[in-house]
Amino acid sequence: MLKKLIVLGISIMLMFSVSQAVFAAKEIGIKIVGQKEGVVHTPITEDGVLIFSIAEILKFLDLSGTETTNTRGKPIYSYITFQGQCFKITEGQTDVQEYEVDESGACINATGNTYQLEKPARYLDDPTLGVYVPLSFISKILANAPYGNTFSTKYVDGTLEFSMYKEDTSGLKQHINPVKLAMKINSPWLLTEDDGKNFDDNDHNVTPVIRSDSTLLPIAPIIDRLGGTTKWTGSEQKVTISLGDDTIELWIDQKTASVNGTKKELAVAPTIINGRTMTPVRFVTENLGATIRWDGDSQMVLIYYGGAEESATDLFSFDYKITMLDAVQKKEDNRKTLEDVVKENQQKHEKVQYNDYEPLDYYGKMIHVGDTVGSGTFDGIVKKISGTKVLVYWNHASFVVEKGKENETAALFGIKWLTEQWVEAKTVTVGN
């Protein structure tokens, strides 16, 4: 699973993804509070009851969410799987049957358990969009999932909000919010595992800086990502940070802070730089229960919160994403998020008319023997061509790949380092 997530994250930044765009034709927002955001199709309303595409929501929340639709005959029905459970949902019916899931993920053997929908299940004119069911049923599945994460559900102002939680021994809900953040000194980007945004969309000069061996930055975007709030009181020159049960108060140019009412000393005082309030990131995040990692070689800061686990590849993957985003921004002087970059390049890819005999690359450019092609952080020379497949000898790694670890890193992209390998032409790009 880790390998798949790493490959997905880096390949998105490389703009070589061949998956279908999830941004087009979507009309309402969906998010896991404090973690990631996306979009899904607009719900149907029947007698005041909201009916959503269940598979879209489950896939967003967990990669285990799948839908298999049977359109042969009437009525149409779908098998929906999520975290080890399977539900058979049939067009026009309110009864939902539960099934067991085997090791391959197939639905077998009815359990005898049934569920009732507020309104009958529906398909739109295009059945491939999946079955639509009331939000109340989706909420019930998410709140009672036997494996993995459980979620609370809220639909507010046209946005579906989900919060992960666990129950303590007394049955009380405790919300959990695993968040992984990355940033770089003198770079305007703040990254999560799924997205990247500027600290300030209107000013790309707002970046983390180092003062007296401490990293200072505008803390509000980070606290927002963690699920908290930040308040500025101008009359007192005070920043108040709240997250969960914790409250931190800091004052401009003062090395004494208040953490839940207790005074603590800072290594460096908060200050104002170019009109921006800058606070010490390590002091704030560690006093909120987060773990922070600093890498001096790359000038990277990584933050782990709410149970987020550190991976050996985090530094490499985040550093590469920021390098790519910085290059795009400096070259085009744009203000694009990861979503914008992916969307633009995916639109170019989708305009390509592929066939069964021409070796066209990701952007539709013809590949010839002797061309240099790239995938991930690796390049290679095209040795042979057979229809839409090209034989590539992978022999060049980007500067971000650590020397001596080319073979290990290449494997993350499914690449065989210093080896000839047949690949589909549309999965690589031709170099200049």
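Let's start with a quick one: is leucine 418 buried, partly exposed or exposed? Leucine 418 is partly exposed, at a relative accessible area of 46%. For the cut-offs, buried means under 20% relative accessible area, exposed means over 50%, and partly exposed is in between, with a 1.4 Å probe and protein chains only.

Before going on, the ground rules. This is a predicted model, so local features need pLDDT of at least 70 and side-chain atom pairs count only at pLDDT 80 or more, while totals for chains, interfaces and linings use all residues. Residues are numbered from 1 along each chain as its sequence is written, and side-chain values use heavy atoms, with hydrogens and water left out.

Back to leucine 418. You'll find leucine 418 in the loop between α8 (406-412) and β32 (420-424), and its phi is positive, near 55 degrees, though the residue isn't a glycine. Aspartate 253 is another non-glycine with a positive phi, about 65 degrees. Aspartate 253 sits in the loop between β22 (246-251) and β23 (256-259) and counts as exposed, at 58% relative accessibility. One more backbone item: the peptide bond from lysine 74 to proline 75 is cis, with omega near -5 degrees. Proline 75 belongs to the loop between β5 (66-70) and β6.

Now the overall picture. The protein chain has eight helices and 33 strands; these are DSSP runs numbered from the N terminus, H or I of at least four residues for helices, E of at least two for strands. Of the 432 residues, 48% are buried. Accessible surface is about 22,000 Å², with 46% of that on carbon and sulfur atoms; that's Shrake-Rupley with a 1.4 Å probe, and for residues only the protein chains shown count as cover.

On to the inside. A nonpolar core here is a set of buried Ala, Val, Leu, Ile, Met, Phe, Trp, Tyr and Cys residues joined through side-chain atoms within 4.5 Å. The largest one has 33 residues, and Ile54, Ile89, Val133 and Phe137 have the most contacts inside it. Elements giving two or more residues to this core include β1 (28-32), α2 (54-61), β7 (85-90) and α3 (135-143). Which element gives the largest share? That's α2, with six residues. Apart from this core lies another, of 28 residues, with Val179, Val239, Leu250 and Leu288 among them.

Staying with α2: seven of its eight residues are buried, including Ile54, Glu56 and Phe60. So how does α2 lie against α3? The axes come within 11 Å and cross at roughly 30 degrees, where axes are lines fitted to C-alpha atoms, for helices over the stretch in contact, and angles run from 0 to 180 degrees between N-to-C directions. The two helices are therefore roughly parallel to each other; angles under 35 degrees count as roughly parallel, over 145 as roughly antiparallel, 65 to 115 as roughly perpendicular and the rest as oblique. The contact is made by Ile54, Ile57, Leu58 and Leu61 of α2 with Phe137, Ile138, Ile141 and Leu142 of α3; contact means heavy atoms within 4.5 Å.

Last stop, Phe137. Not counting residues up to four places away in sequence, phenylalanine 137 touches Ile54, Phe87, Ile89, Val96, Tyr115 and Leu117. That's my tour.
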